[in-house]
Amino acid sequence: MQRFLLIFSVLCSTFFCAQIRLNLIPYPQKVEFLKGEFIIPKSLKLDENLPKKETAYFKKHTAGMFTFNYGKKDEGVHLVNSLFPPQPASDRQKEKYSIDISAKEIVITSNTDQGYFLALQTLIQLFSQYKDSGKIPAMKIEDEPKFAWRGMHLDVSRHFFTVEEVKQYIDYLAMYKLNTFHWHLTDDQGWRIEIKKYPKLTQIGSKRKESMIGAYVDNTFDGKPYGPYFYTQEQIKDVVKYAEERHITIVPEIEMPGHALAALSAYPELACTKGPFEPATKWGVFDDVFCPKDETFKFLENVLDEVIKLFPSKYIHIGGDECPKTRWKECAHCQELIKKNNLKDENGLQSYFIHRIEKYVNSKGRKIIGWDEILEGGLAPNAAVMSWTGIKGGVEAAKSGHFAVMTPGSYCYFDHYQGDPATEPNAFGGFTPLDKVYSYNPIPEELNVQEAKYILGVQANLWTEYILDFKQVQYMIFPRLLALSEVGWGTSDPKNYKEFESRVINEFKTLDKLGVNYAKSIYNVSGKVIPFKNGVAYELSTSQNPKGIRYTLDGKAPSANSPSYQNPVPVSNSLTIKSAYFENGQLKSAVSSQDFTISKTTGKTISLEEQPSENYSFGGSFTLVDGIIGNQRQLGKTWLGFQGKDVVATIDFGEKTSFSEVYFNTLDNKGSWIHFAKSAQVFISDNGTDFKMIKEIGKEDILSVNGKIKVNVGNQNSRYIKVKIENAGIIPSGNPGADSKAWLFVDEIGAN
C-alpha cells in the first residue's frame, strides 16, 4: 500500500507539473518543473557579487514585494549568479541564461551581464505571478533568443515625444526582452536631432507651420504651429546611456536621399532646385530630395560624424525609402552624373548615392542598414536591408549574402488598425490584429538553411502621422508588442494562439499597474465573413467566453437580453449586425457594428489574376464578394490593395443569372500613392473561357462619381462575370511618389 501511495504521489506531482503554464512573455525555450517550492521571503538576500546596475534595476522593479539585503553565497543567500563554461561570444550566446529555483535559493547562470539582465526580467514576471501564493514551484529554465535583432521603431518626426516618454518606450522593450530601439529622427515633417555644425537644421527644420489632422482624405489642418521640437546632444547621450543600462542598442535613422524636406528647408542649396522649402505640413512622399552633389555628400558626412559620436551602435540607418526620381530626371547635374559614372538610370543614381554613403560610414568602423529600396540599382557591398514592403527585399538580400531584418508591413506595422476601425482611433490603414502579429515567421520559406542565417531578426514599426500623444503610442504598441516579443524570441506557436492570448490578458494586470493605455480590442467581439450555402454568414468571436456574445440584426445596440451567439449568423439580405460581449448582464466591450449590402455576387466563387499586396490582403479575393462596402475614410480590412497591378476578377454565379447593374469602389489618396482606377471593363461568359465585353468605364466617369462606380449594363443573363479595373500605372510628375507604381484599392464587386 505504501508503494502504491508513493507511485500515486509521483504521478500526481508529474501531472500537476505538466499542467503548470507560466505567465511569462516571451515564453522561455525550456522549462522543467522540479520537486519542491521556493518560499518567497519578506526580505530577499542577494549575493554581494551580483552585477550592480542590473541588480539595481531588479530591486527597483520588485521594491513593493520585499526588502533586500546582501550576503555571501555561504550565508544562505537567496539570489546568486554564476557563469556558463566558456563559449563562443555570439550575440545569441551573450543573451543566454538559465534559472534554477530550489527550496533554498535561485541561481542565475549567464555568460554576460546582458544574459543576467534577461534572466532578471523572467524572474520579475515569476515573482509577480506567484507573490499572492507566496511560493514559486521549483524549476529549471534554460533560455536564449532565436534572433539577435528584436526591435521596435519609433517615428518622432511626424509627432515628437519627450525624453521621458522615449525612456518609457525603452523600458517597455526591456520588459519583454527586445534589444533594439530604432529611432527615426529625421523626415519631411521635422528634423529632431541637434547637429552642432548645422544649427539651422533645428532652428528651421524642427518646426512646421501646421499639421494635417483627421483622415488623410479630409485634407484638413489644425492651423497651429508645431515645434520647435528636437533633442539636444546632451539629451541624446542621456537616452543612449539609459538604453545601454537596459542592454538595448539604439539605431539612429537619418533619412536620405528622400524624406528630406525638413533638412532642405534649412539648407536649400542641397536640393536640385532653388526652393524655397518648408517642413511638410501633410503626410506622404514629396519630390524634393537631396541632390547627389559634392556639397550634399559633405553635409551628410558631417552630420553622420556627429551622429556616430553620439550612438555606439554597429549599424547606422540611412533610410533610402520612397525616393522620387522626378527632380533627378530634371536636374542637369544628376543627368551628367549618370553619364559620367555609366549608370543605367536614376535607380542607378540612387545606388551610387547609397554606395558613397556606405563607403564613408564603413570608414568610421560602422555599417549601414536601410529600407529595402536601397536594393534599387544594386545593393552596396556591406549594407543590411530592412525589409518593409513585404518579404521580397529580405529574401533578395539573404540570397545575395547580405543581412536583413524582417519588418513587413502586413505583420509588423503597428500604425495599422488592430480592431474594428469603427471603434478604433484614427490610424494609417491596414488591419494587423494581435493574432496576425503572433502568426509571423521571420524566416521566409524561400530561404534554405544557409541563407536563413542572414536573417538577423524581426522589428515592428510605429509611424506617427496619426499618433498625437504618448498615450496613443501606448495604445498602438500594446498588446501587439507582446506578440512581437515572442516571435522574436522564437517561442511563438500560432497553433496555440489562445494560450498566448490568455497570458496577454494576465499581463494586462502589470500594464494596469504601470498606467499603460493599452488597446482592449482583444475583449471586443470580432467578426469574420465566411461562405455559407451559396451566400455568406458572419462568424463572431471573442477572447472571452463566446456564450457572452449578444447580437442584433435590426441595427439597434445589443443588450443582455439580445440573442446569444451560438453559430455563424446567415446573411441573406442587406442588414446591420451589431454585437457586444456581456458578463453577468453587464456590457464589457465596445459595440461592434457591420453593415452588409447583399447582391447576386455575394458569397460566390471568385478568382483573381493578380494577388493583392500582403499589406492589404485581409480575407483575400473573398473580400470582394463578402457583402461589405469599404469605408473610403478607413483603409482597414474591407479593402484589397494592388501596387502597379490591375484587378482582374472573375466571379462564378454557379448558374446563369440575370443582372443589369454592376458596382465597385476605388480610392484616391495621392499622398499615400493611391490613385483612382484609370478605366474599367465588364465582361460576361457562359463557359468561363470566352468573354464578351458589355461595358467600358473611362477615367472621366470614375472621377465624376469620386470612385464609387455603379453602372447600368443592360439586361444580362450569364454564369460568369469578369471585371477588369485598370491601375493608374506610373504616378505622374507633380504627385507624391512620382515615377513609382501607383496603388489601386478596390472593395466589393456587386451585381444586381
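Helix α10 covers residues 326-330, and in this predicted model it holds both Arg 327 and Glu 330, three residues apart, about one turn of the helix. Their side chains meet in a salt bridge, 3.8 Å from N to O. Glu 330 is exposed, at 55% relative accessible area.

The structure has 30 salt bridges. Why can such pairs form? Side chains of opposite charge can pair when their charged atoms come close.

Helix α7 takes part in two that I want to show. Glu 234 bridges to Lys 237, with the closest N and O atoms 3.2 Å apart. Both sit in α7, three residues apart, so about one helical turn separates them. Glu 234 is exposed at 55%, while Lys 237 is partly exposed at 43%.

The other is Lys 167 with Asp 238, at 2.7 Å from N to O. Here the partners come from distant parts of the chain: Lys 167 is in helix α5 and Asp 238 in α7, 71 residues apart. Lys 167 counts as buried because its relative accessible area, 11%, is under 20%. Asp 238, at 33%, is partly exposed.

Next, the strands. β2, residues 43-47, and β3, residues 67-71, pair in the parallel sense over five bridges. With helix α2, residues 52-61, the two strands make a right-handed β-α-β unit.

Last, the second largest pocket, with about 1000 Å³ of space. Among the residues closest to its centre are Phe 431 and Lys 637. Which strand gives the largest share of the lining? That is β20, with four residues.

How values were computed:
Residues are numbered from 1 along each chain as its sequence is written. This is a predicted model: local features need pLDDT of at least 70, side-chain atom pairs count only at pLDDT 80 or more; totals for chains, interfaces and linings use all residues. Side-chain values use heavy atoms; hydrogens and water are left out. On a 1 Å grid over the protein atoms alone, a cavity is a set of points where a 1.4 Å probe fits but cannot get out, and a pocket is an open set with protein on both sides within 12 Å along at least five of seven lines; lining residues have an atom within 4 Å of a point. Grid points are joined across faces, edges and corners, and a volume is the space filled by probe spheres set on the points. Two strands pair if DSSP finds at least two bridges between them. A crossover is right-handed if, with the strands pointing away from the viewer, the path from the first strand over the helix to the second runs clockwise. A salt bridge is a side-chain nitrogen of Lys or Arg within 4 Å of a carboxyl oxygen of Asp or Glu. Buried means under 20% relative accessible area, exposed over 50%, partly exposed in between (1.4 Å probe, protein chains only).
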